[in-house]
Amino acid sequence: MRRELLLLAVLGVVAAMPVAAEAPAGATACAGCHAPAGRDLPVPTLSGRTPESIVADMQAFRSGSRPATVMDRIAKGFSDGETRAIANWLASKDHASAKP
Amino acid sequence: MTARALINAPKTARKGDIIEIRAMIAHKMETGYRQGPNGQMIPRDIINRFVCTYGGAEIFSADLFPAVSANPFIAFSTVATESGTITFAWTGDDGQTQTATAEIAVN
Amino acid sequence: MRQPSRRTVLQGVAASGAVAALGAPPAIGQAQSRVVVIGGGFAGASCARALKQEDHNLAVTLVEPQTLYTACPFSNEVIAGLREIEAQQFTYDGVRRDGIEVVHQAATGVDHAARRVRLADGAEIEYARLVVAPGVDLRFDAIPGYSETAVEAMPHAWKAGGQTVLLRRQLAEMADGGTVVISSPPNPFRCPPGPYERASLIAHYLKLSKPKSKLIILDAKDQFSKQRLFQAAWQELYPGLIEWVSLSMGGRVTEVDPSTKTLITEFGNHEADVANVIPPQRAGAIAAMAGVADQTGWCPIDPVTFESKLQPGIHVIGDAAIGGAMPKSAFTANAQAKVCAAAVISLLRDRKPAEPKLINTCYSLVAPDYGISIAGVYRPKDGLLAEVEGAGGTSPLSAPASVRAAEAVYADSWFRTITGEVFA
């Protein structure tokens with residue numbers, strides 16, 4: 001019985017450790033301006049956004065079809081592939097933080 | 001060549017005083033050793049000669065070379081001998097000379 | 001999931017050593033993995049939090065002598081009377097809540113061989129990797145006449161706090177018709193557009209409260225950050241109020257006389273009613289003590305990991321670091337901190353750190369409702385951080401007032417977001 005408890009305790013520690021996906025290049029910088037959900041600030045949160053909508057916005061910023069103050073200048077520094085990776089990572093963070 | 005030139009010399013001095021004279025000209029002092037964005041060498045363009053005269057006589061001169069940094073600043077001392085005009089002249093690679101003058105009263 | 005036999009579980013425990021029982025992840029593979037971060041500003045506090053977020057089982061110690069942090073961004077608004085100093089101040093409670101050990105001591109030395117940081121009280125902390133983020137020190141030796149005591153007569157206000165409040169008080173006490181002189185340092189220095197934002201907001205105050213006054217900027221440079229935007233805005237908002245004297249116009253301050261508030265250049269003296277001397281700078285003192293600063297006074301780093309090029313095992317981030325095109329801003333410090341944290345974790349796990357990309361965004365206020373910005377995207381290239389071509393740049397030179405107003409709103413939003421991420 002004691003042995004089983006020990007075993008469960010060890011497994012518990014292992015299971016509680018989230019395997020955080022490594023942030024793709026550039027991804028962690030977004031949080032400098034974009035706050036987590038619930039802060040209600042003029043710069044919109046990226047939390048809760050689908051990867052597709054983030055990628056579409058970044059393309060629109062890059063092409064100039066969506067007006068911007070700084071995002072047009074920043075979006076031009078990232079390729080479609082890089083933007084996609086960042087968008088996926090941001091969404092996966094949502095998923096991780098939604099878990100209890 | 002029309003560059004901004006700054007000079008600093010005392011307006012008054014006593015005869016025999018050692019006075020400090022300062023001169024600076026706004027100039028990029030392009031060395032001729034740098035590449036432009038297109039990979040071509042940027043042609044040399046420097047101030048290559050500086051002359052200072054006091055009452056018509058040369059009291060200081062210098063040849064300048066590409067190692068001298070932008071906005072060359074020159075300071076030197078001389079002896080106040082008589083009231084008159086101190087003249088500064090900078091000559092560039094383009095052959096043009098820019099001058100500036102200062103008056104000094106010596107008593 | 002296949003039920004592990006008792007034997008495999010025990011083997012697993014044995015392989016990862018006693019660490020597993022303490023809760024450290026087997027991936028670290030090392031007992032007592034501790035990362036020590038020196039400096040609790042935007043760089044250091046961000047890095048400590050990012051380390052802890054990436055690996056909750058990693059022991060992280062933040063060494064910072066102050067218990068209250070006073071942020072520099074927006075402190076020019078405090079000087080101009082638009083904001084109170086309390087809005088700039090943050091405690092380390094949030095950092096502590098993350099499980100980071102915060103030690104309010106000055107670091108006084110680093111023993112490379114033993115991998116230990118020495119503290120002012122004589123205690124020592126062992127580290128697996130060290131992150132140095134001390135910000136800047138002001139070079140009081142660089143301007144004859146200026147000193148640590150002269151800052152009372154001629155405040156620098158380049159580290160937010162008492163100096164910020166002092167400069168504000170001096171401006172408030174100045175009579176209408178007075179002359180304010182700002183001495184701006186040569187590159188590189190903390191917050192490249194800062195002196196010009198300060199000049200703008202002081203001009204805003206003078207225009208409203210002391211309209212016969214004037215402001216002179218004596219500069220050790222011929223160019224400055226966001227120059228065209230600032231100069232166009234000055235002409236528009238404060239015509240005739242601000243005079244900028246560049247290096248080639250004789251603007252470099254070579255000496256000061258605090259007793260008469262006189263700033264001396266090669267070509268003339270400027271007697272001020274309020275004198276703000278922003279001296280040349282170098283990396284904070286602990287950088288030199290740790291052997292990570294070179295003869296320039298700054299710390300060369302590897303652009304992928306932010307590991308010092310002079311001392312393996314020690315990383316340098318924020319204003320103290322130098323290595324390419326990134327300007328010394330709070331945004332840069334925060335972005336570098338997170339990249340550095342990821343690299344430190346990779347290195348502790350014997351993995352190759354990923355090639356990063358970094359962003360800087362920096363807002364300046366020319367007036368409370370008039371914001372301008374510069375942004376850049378950076379990546380490692382030839383051992384330095386280089387700007388990604390085609391990206392970045394400043395706000396447009398001509399833009400409607402609505403765009404300037406929007407950027408002022410975003411500036412404030414940025415400050416609230418970043419200070420939330422770093423300290424809340």
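Which backbone oxygen lies 2.6 Å from a polar atom of the side chain of C:Lys357? It's the one of A:Gly77, and the views below start from there. Keep in mind that this is a predicted model.

**View 1. C:Lys357 reaches chain A from a loop.** C:Lys357 sits in the loop between helix 10 and strand 22 of chain C. Its side chain has a polar atom 2.6 Å from the backbone oxygen of A:Gly77. The side chains of C:Lys357 and A:Glu82 also make a polar contact of 2.7 Å. That pair counts as a salt bridge too, with 2.7 Å between the closest N and O atoms. Setting aside neighbours within four places in sequence, C:Lys357 touches residues of chain A including A:Ala25, A:Gly26 and A:Phe78. On its own chain, its contacts include C:Val339, C:Val377, C:Tyr378, C:Arg379 and C:Val388.

**View 2. Chain C meets chain A.** Between them the two chains bury about 3000 Å², with 65% of it on carbon and sulfur atoms. On the chain C side, the residues that lose the most area to chain A are C:Lys357, C:Ile359 and C:Thr417, together 20% of what that side buries. As for charged pairs, there are three salt bridges between chain C and chain A, and the one between C:Lys357 and A:Glu82 is shown in View 1. Eleven residue pairs are in polar contact across this interface.

**View 3. Chain A is built from helices.** What does the partner look like in terms of secondary structure? Chain A has four helices and zero strands, so read along the sequence its pattern is simply α-α-α-α. Of its 100 residues, 33% count as buried. Looking at contacts in chain A between residues at least 6 apart in sequence, 51% join residues at least 24 apart.

**View 4. Chain C meets chain B.** This contact takes ten residues from chain C and ten residues from chain B. The area buried between the two chains is about 830 Å², and carbon and sulfur atoms give 61% of that. Three residues, C:Ser248, C:Glu266 and C:Phe267, supply 71% of the area that chain C buries against chain B, more than any other three residues. There's one salt bridge across this interface. In it, the side chain of C:Glu266 meets that of B:Arg22 at 3.7 Å, N to O. Four residue pairs are in polar contact across the interface of chain C and chain B.

View 5. Strand 15 (residues 262–265) of chain C is joined to strand 14 (residues 253–257) by four bridges, and the two run antiparallel. C:Val256 has C:Leu263 as its bridge partner in strand 15. The hairpin of strands 14 and 15 of chain C has four residues between the strands, and in it C:Lys261 takes a positive phi near 50 degrees. Strand 15 also pairs with strand 16 (residues 268–271) of chain C, again antiparallel and over four bridges. There, C:Thr262 is partnered with C:Glu271. Strands 15 and 16 of chain C form a hairpin with two residues between them.

In a regular strand, side chains alternate between the two faces of the sheet. On strand 15 of chain C, C:Thr262 and C:Ile264 lie on one side, while C:Leu263 and C:Thr265 lie on the other. Are these four residues buried or exposed? They're all buried, so both faces of the strand are covered.

**View 6. Cysteines of chain C without disulfides.** The structure has zero disulfides over all chains. For C:Cys47, the closest cysteine sulfur is in C:Cys340, and at 4.4 Å that's too far for a bond, because a disulfide needs the sulfurs within 2.5 Å. C:Cys72 is in no disulfide either, with the nearest cysteine sulfur, that of C:Cys191, 7.8 Å away. C:Cys47 counts as buried at 0% relative accessibility, whereas C:Cys72 counts as partly exposed at 22%.

Note on methods. Residues are numbered from 1 along each chain as its sequence is written. Chains are lettered from A and ligands numbered from 1 in the order in which they are written. This is a predicted model: local features need pLDDT of at least 70, side-chain atom pairs count only at pLDDT 80 or more; totals for chains, interfaces and linings use all residues. Side-chain values use heavy atoms; hydrogens and water are left out. Buried means under 20% relative accessible area, exposed over 50%, partly exposed in between (1.4 Å probe, protein chains only). Two strands pair if DSSP finds at least two bridges between them. Buried area is the accessible area (1.4 Å probe) that two parts lose on being put together, summed over both. A salt bridge is a side-chain nitrogen of Lys or Arg within 4 Å of a carboxyl oxygen of Asp or Glu. A polar contact is a pair of N or O atoms within 3.5 Å; within protein, one must be able to donate a hydrogen and the other to accept it, and residues adjacent in sequence count only if both atoms are side-chain atoms. Contact means heavy atoms within 4.5 Å.
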